[in-house]
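Visitor: Hi, could you walk me through this model?
Guide: Gladly, here it is.

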Amino acid sequence: MKTDTISPFDTFLRSPFVRVDDVRPGQVVVSGGPFDGAQGAERFGARSGPDHVRSGSLALAEVLRTVDPEGLIDVDTGGRFASLSDEQLVDVGNFTTYPTDIPRTTDSLANGVYQVVKRGAFSIFLGGDHYTSYPSALGFSRAVAESQPRARIGYVHIDGHLDFWDEGTPGQRFTHATNARRISELPNVVKSSMAWIGLTGPSADEPIEAVLRGGGVIFSARDVRRNGPREIAERAGDHAIAQCDRIYVTLDIDVLDSGYLPGTGSIDNNAITPTLLREVLAVLSAYPIGAMDVMEVAPRLDRSGRSGSIAAEMAVTLARPRLLASIDASPPRRDVPGDRSHRQPHARG
Amino acid sequence: MPLVRTDATEFTGIPTFMRAPSVDIEQVTPGMFAVAGVPYDLSARVPGARYGPRAIRTASSNLFAVPDGLNEGWTDAESAGRLKFRDGSAFALGDLGDFAVTALDWTTTSREVEHAMHETASAGAIPLILGGDHLITLPLITGFQEAMVKAGRGRVGYLRFSSKLDLGERDEILGDTWRGATNRRILERNVVNPSNMVWVGVGGFVPEPEFELVRSRGMRAHTVGEVRSDGITAVTHRALLEAGAGCDTVYVSIDMDVVNGAYLQCQGIPSFRGLHNVELQEAMNVLSGSAVGALDVVGVNPLPDFWGQGQVASYFAASLIFYFITTPRDCGRGSFSETFQRRASTTELREST
């Protein structure tokens, strides 16, 4: 008699666990950086983020893995999608981190993402405190520089905070408040092609001025509520891609209001709702994104577990055109440098 | 190297509210915002609000270290305006610690809290009280009003953010003085003129006699429905005008149960028709620009809200008080970047001329 077993650990959307060496071009690859040693605050716990987001993705996996020749229907748009395949999405697990050693952790995570992107895959990197976004972008930047030396990278930062300090606390240049600043200094990242969505609460002037001086744009949570998620996402996406070939998107889950998402370090009480964020991400998903990350999920601050589920859903929303093949009449997404098909309304969402 | 740093990580140091100086009553100066806790919760359905003052103080360490100042170089993301403490260079915040509470004896507790509030208000401070269950508002407003009478400003309005009216009669178990009768007792003590007793955020089921009392005595209750149709800012303005009509000052009480139970896990009796958390923060905008003479925040129960729920209620309560002691935010029509840049250029212009 055949014995059925199921994996003893959770991979993202129950995708196959593979070695980085076995990653193939065109795949979507999930990896994790279980590290919160650059946070230094009371509300730590993002080190458990990657595995928690994986667990949180399992409910969604049930739906996305339903095998049906008719495919899945997105009731928001009426679009049809083929169900998720084991070829399209794989999980390479977590890269090694060193709890007391930020530079060594940086090297490890950056190399991991570099290896993924170098193989022609789309990287979804799960943090970690928001500092780990920098090693992820660093690995992406290096791989792009190697394969396409002339390619330029735009940047969209979805977060309740700017993370654009030069020094998070005096003398500290590598913290979860400096990651975007360090990314802006990468050679193929275009500083004037950086966009922020979701700023809320008190924010120091210095980083705001630095962003605007560099040509970046900032949209606050209030901008999203008032102008609508679609308009703001388009303005941010257009700004990031205008002079660039690819966009790196970072999603700090604390962009969500604490009433919906308590499980994160720096909570906000005047932020956007999951519905608004989902719309922002659906619009951005049609842009030529090269790699993305999801940061700051801290499960010990949310016993209900919903923080991981929301983060997983948001990751899938942003990566969806790359995860699920469209089987309806609309033209396939073309993801080539300089392509502007994302500007056409039918290609969105 | 200093031995002690106020700008260190938030889990270090003695957790006074926003790391303000710990003061005793002799050090309270006129105009000072004086924080005090009232860790009493024996009238609550679910005990735990006795831990509220400590939890709010701990959460407040995540905000600003008061000694380091705020007046230069901070922006509020909502309005893109400059974030400043109220009263500019005259701004002062002190933490008195907790008022004396005799755990099992409401009569003594009530007398002591009333006296402590009287002393604090008499010193000219604007008391910021961390509760405690909402019965504590009874001795607090009584002590506050007595102090105002002595100062020749005895006409006090009363504005309460709560999902309930708390105008109940005697409770079979808890007696005459219990949380659901807080405002009935305030009414009977004549510390406030009924027409200056105003509620914002009343929702869900309210006993008919209580609503009838509001009508017959000329009190005002603004419902959640009214907030939905007119907006929280307009309703708060309206309520503040009504509470302050003919008065010298207004006492404001915020019961956390006014916030929709979907956002906060601190409530004994959550209401799922309550205000959005954002709305209560917007109401603080109106309050911070007005002549509110005392503020209490009650009903923060950290037990169901602790680590496993992200301590959301404690952080929320701390941020409400933070927005009360900063200048009101003028949310204009421009986007964040436009408003910020316009502000920056006018500042430069002013500084260069």
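What follows is a chat about the two chains, their contact and some local details.

Guide: This is a predicted model, so local features need pLDDT of at least 70 and side-chain atom pairs count only at pLDDT 80 or more, while totals for chains, interfaces and linings use all residues. Residues are numbered from 1 along each chain as its sequence is written, and chains are lettered from A and ligands numbered from 1 in the order in which they are written.

Visitor: What does the secondary structure of chain A come to?
Guide: Chain A has 10 helices and 11 strands. Helices (H or I, at least four residues) and strands (E, at least two) are DSSP runs, numbered from the N terminus.

Visitor: How many of the residues of chain A count as buried?
Guide: 58% of the 349. Buried is 20 or more other C-beta atoms within 10 Å of a residue's own, exposed is 12 or fewer, and partly exposed is in between, with C-beta atoms placed from the backbone.

Visitor: Now chain B, please. What are its helix and strand counts?
Guide: Chain B has 10 helices and 9 strands. Its radius of gyration is 20 Å, close to the 20 Å from the globule rule for 353 residues, so chain B is as compact as a globular protein of that length. Buried residues make up 56% of chain B.

Visitor: Which strands form the open sheet in chain A?
Guide: The open sheet has 8 strands in the order E4-E1-E5-E11-E10-E6-E7-E9, with parallel pairing. E4(A) (89-94) and E9(A) stand at the edges with a single partner strand each, so one side of each has no neighbour in the sheet. Two strands pair if DSSP finds at least two bridges between them.

Visitor: How many bridges join E6 and E10 of chain A?
Guide: E6(A) (residues 153-158) and E10(A) (residues 246-252) run parallel and are joined by 6 bridges. Gly154(A) stands opposite Ile247(A) in that pair.

Visitor: What does H10 of chain A lie across?
Guide: H10(A) (residues 306-323) lies across E1, E4, E5, E10 and E11 of chain A, running at about 170° to E11(A). Axes are lines fitted to C-alpha atoms, for helices over the stretch in contact, and angles run from 0 to 180 degrees between N-to-C directions.

Visitor: Changing topic: how many residues does each chain bring to the contact?
Guide: Chain A brings 33 residues and chain B brings 31. Contact here is between two residues whose C-beta atoms, placed from the backbone, lie within 7 Å. H6(A) gives the largest share of chain A's side, 5 residues. By class that side has 13 nonpolar, 10 polar and 10 charged residues. Ala, Val, Leu, Ile, Met, Phe, Trp, Tyr, Cys and Pro count as nonpolar, Asp, Glu, Lys and Arg as charged, and the others, Gly among them, as polar.

Visitor: In what sense do E8(A) and E2 of chain B pair, parallel or antiparallel?
Guide: They pair in the antiparallel sense, over 3 bridges. Ala204(A) stands opposite Trp74(B) there.

Visitor: Is H4 of chain A mostly covered or uncovered?
Guide: H4(A) is mostly covered, with 11 of its 15 residues buried. Among them are Tyr134(A), Leu138(A) and Phe140(A).

Visitor: And where is Gly237(A)?
Guide: Gly237(A) is in H8(A) (residues 229-241), and it is buried, with 27 other C-beta atoms within 10 Å. Leaving aside neighbours within four places in sequence, Gly237(A) is in contact with Val156(A), Val283(A), Leu284(A) and Tyr287(A).

Visitor: Which peptide bonds are cis?
Guide: One is from Gly127(A) to Gly128(A), with omega near 15°. Another is from Gly131(B) to Gly132(B), also with omega near 15°. Gly128(A) is found in the loop between E5 and H4 of chain A.

Visitor: What about the phi of Asp163(A)?
Guide: Phi of Asp163(A) is near 55°, a positive value in a residue other than glycine. Asp163(A) lies in the loop between E6 and H5 of chain A and is buried, with 26 other C-beta atoms within 10 Å.

How values were computed. The radius of gyration is taken over C-alpha atoms; the globule rule is 2.2 Å times the number of residues to the power 0.38.
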